[in-house]
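Take a look at the chain below. A few questions and answers follow.

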Amino acid sequence: MAIAHESTAYQNSFRPRLLLAAAMALSGTAGLFSVQTGQPTFNVVFFRCLFGALSLAGWCVYRGTLSNIWKIDRSLLVLTIVSGLCLVLNWAALFEAFRLISIGFTTIIYHLQPFWIVLVGALFLGEPLSRDRLFWLLLAFVGLTFVVWPRLGSIMGDATWASGIAYAVLASLLYAGSTLTARRLKAIDPAVLTIVHCVLGLLIFAPFVSVAPLQNAAFPVWGWLAGLGVIHTGIVYVLLYSNYPKVQTAVIAVCAFLNPAAALLSDYLVFGKSITLVQAAGVCFILLAGLGVTLSWKLKLPPRGATK
């Protein structure tokens with residue numbers, strides 16, 4: 001009986017971890033899908049919103065929760081719209097960065113978003129910025145410097161590279177804004193909230209859709225577009241939100257490594273783009289700092305004013 005109990009407990013803990021890891025790895029391939037479409041950025045975002053809303057609506061119908069979309073508290077509508085704007089504009093900036101620089105570089109810079117949350121919390125929400133968090137923040141920006149430094153000449157002399165870096169940073173800022181606002185929307189089912197956000201994205205980007213590239217689009221293009229919505233907005237979101245409560249924060253933090261790993265791997269295997277040792281060190285610094293912030297690692301520092 002004891003063995004059976006231990007086996008069941010293991011399965012109960014292993015399955016959410018496996019599904020969460022799969023979701024993180026899948027999310028790292030979003031850049032590959034967006035670039036492979038060959039479509040303008042606004043087209044990509046529009047169809048991600050369309051297919052994402054449809055797939056999540058199907059999931060909610062299956063669960064019997066779609067009617068909750070009409071039960072959102074009116075007092076939360078403004079915050080819901082702000083959160084949605086941050087999310088869909090973040091997608092636009094992210095896909096534009098993918099197009100201008102590379103999937104790997106964009107994803108690495110995009111992972112600065114936890115640190116924007118820390119800064120906003122310290123500056124505007126009154127959350128204390130401890131020495132530990134300040135250290136991880138500085139380490140992350142040292143890592144960013146290492147990542148960008150080998151291509152500094154390209155950034156300084158190439159407007160495309162400079163724009164790509166700017167869009168990647170903007171995407172990370174917008175995603176941080178979406179995360180912060182979503183924290184206050186916990187009363188809304190995550191799938192329902194994402195449907196609302198996707199519908200908002202449809203309304204925003206519909207006037208900017210370019211019809212000509214779609215008329216000449218081959219069948220695989222529609223597959224990549226549908227994949228962004230169904231896989232990266234539907235399946236990934238369902239897997240993430242349904243398994244977050246079932247695993248420890250440490251597991252979430254470790255699984256988050258799979259996102260940039262998948263992005264860098266797809267960038268290398270499909271497009272032949274690799275990173276230097278200096279940039280690899282920068283990636284490690286950023287991800288290590290992310291772990292430190294997520295897991296609230298404490299540094300063994302001497303107390304202030306301590307003397308020998």
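**Contacts, cores and surface**

Q: Which residues does Trp91 contact, leaving aside its neighbours within four places in sequence?
A: This is a predicted model, where local features need pLDDT of at least 70, side-chain atom pairs count only at pLDDT 80 or more, and totals for chains, interfaces and linings use all residues. Residues are numbered from 1 along each chain as its sequence is written, and side-chain values use heavy atoms, with hydrogens and water left out. Contact means heavy atoms within 4.5 Å. On that basis, Trp91 touches Val45, Arg48, Cys49, Cys198, Thr233 and Tyr237.

Q: How many residues form the largest nonpolar core?
A: A nonpolar core joins buried (under 20% relative accessible area, 1.4 Å probe, protein chains only) Ala, Val, Leu, Ile, Met, Phe, Trp, Tyr and Cys residues through side-chain atoms within 4.5 Å. Leu20, Val45, Cys49, Trp91 and Phe95 touch the most other members. The core's total is 42 residues.

Q: Which helix supplies the largest share of this core?
A: Helices are DSSP runs (H or I, at least four residues), numbered from the N terminus. Among those that each supply at least two residues are α1 (2-27), α3 (41-63) and α4 (77-100). The largest share is eight residues, and it comes from α4.

Q: Is α5 largely enclosed or open?
A: Its buried residues include Ile103, Phe105 and Tyr110. Eight of the eight residues of α5 are buried, so α5 is largely enclosed.

Q: Is Phe271 buried or partly exposed?
A: Phe271 lies in helix α14 (residues 258-271). Partly exposed covers the range between buried and exposed (over 50%). At 30% relative accessibility, Phe271 is partly exposed.
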